[in-house]
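Dear colleague,

I am handing over the structure we spoke about, and you will find it just below. Please open it beside this message, so that you can follow each part as you read.

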Amino acid sequence: MKFEGAMLEYRLQKDKDKFEPIYYYTNIDLPQILTRRECEFFIKEGKTYKQLSSAIEGELFVIYVQLYEEKPIEMPEHLHEGIKLEIRELNAYKNYPLITFEYMTNHLDILSIIGSVYTYIEGKEWERDSAEIDEDQGVYVLYVKPTGYTLIT
């Protein structure tokens, strides 16, 4: 199989075994598809979707989702070159504080971080909980929890 110029479709669960196409992307590169599949959550047009599963149908990649929540659309603060990745602490009481962020040049760089169980920031170890792609904000977000482990150098 060749996946150059692949296609991606998000399908929303309507009933137990019934799904409806809601978003369709043509000529999308494989690294972006794989990065999106690694995200448990997908935000678009103020709606947050939770990933249920994924599939490949020939050259069509499919991500199956269910509606998780709806909020007003938030516009991005600034547009920058590159793909933004935020790493946030999984702490709802503190409104998911931002630990760090970076602009990356490609989706494989994003995937290498959000696909890892452990991430080290300034010598502290953080464990992955989940990731999301927020198309409204133009950002990937990795949610992590502190493990209490510190690298000794």
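Does Glu38 count as buried, partly exposed or exposed, and why? Glu38 counts as partly exposed because its relative accessibility is 30%. Please keep in mind that this is a predicted model, and that what follows was computed from it.

Salt bridges

Arg128, for its part, counts as buried, because its relative accessibility is 16%, and buried means under 20%.

A second pair is formed by Lys44 and Glu135, whose closest N and O atoms are 2.8 Å apart. This pair, too, links distant parts of the chain, for Lys44 is in strand 3 and Glu135 in the loop between strand 9 and strand 10 (139-150), 91 residues apart. Lys44 counts as buried because its relative accessibility is 17%, whereas Glu135, with a relative accessible area of 23%, is partly exposed.

As background, side chains of opposite charge can pair when their charged atoms come close.

Two helices

Two packed helices are described by the angle between their axes and the distance between the axes. Here helix 1 (residues 30-37) and helix 2 (residues 107-114) pack at an angle of about 25°, and their axes are 8 Å apart. That angle makes helix 1 roughly parallel to helix 2, because angles under 35 degrees count as roughly parallel. Helix 1 passes helix 2 in a left-handed crossing. On the side of helix 1, the contact is made by Pro31, Gln32, Leu34 and Thr35, and on the side of helix 2 by His107, Leu108, Ile110, Leu111 and Ile114. Sorted by kind, the residues of this contact divide into 6 nonpolar, 3 polar and no charged.

Two residues in strands

Glu86 lies in strand 6 (residues 83-89), and it is buried, with a relative accessible area of 10%. Leaving aside residues up to four places away in sequence, Glu86 touches Leu98, Thr100, Phe101, Val139, Tyr140, Val141 and Leu142. Between Glu86 and Leu108 there are 22 residues of separation in sequence and 15 Å in space, taken from C-alpha to C-alpha.

Leu67, in turn, has its place in strand 5 (residues 60-70) and counts as partly exposed, because its relative accessibility is 41%. Its C-alpha atom is separated by 4.5 Å from that of Tyr49, although Leu67 and Tyr49 are 18 residues apart along the chain. Tyr49 is also one of the residues that Leu67 touches, together with Leu12, Lys47 and Thr48, when residues up to four places away in sequence are not counted.

Conventions: Residues numbered from 1 in each chain as written. Predicted model: local features only at pLDDT ≥ 70, side-chain atom pairs only at ≥ 80, totals over all residues. Heavy atoms only, no water. Axes fitted to C-alpha atoms, helices over the stretch in contact; angles between N-to-C directions. Helix = DSSP H or I, 4+ residues; strand = E, 2+ residues; numbered from the N terminus. Parallel < 35°, antiparallel > 145°, perpendicular 65-115°, else oblique. Left-handed = near helix turned anticlockwise from the far one by under 90°. Contact = heavy atoms within 4.5 Å. Nonpolar A, V, L, I, M, F, W, Y, C, P; charged D, E, K, R; others polar. Buried < 20%, exposed > 50% of the residue type's maximum accessible area, 1.4 Å probe, protein only. Salt bridge = Lys/Arg side-chain N within 4 Å of Asp/Glu carboxyl O.
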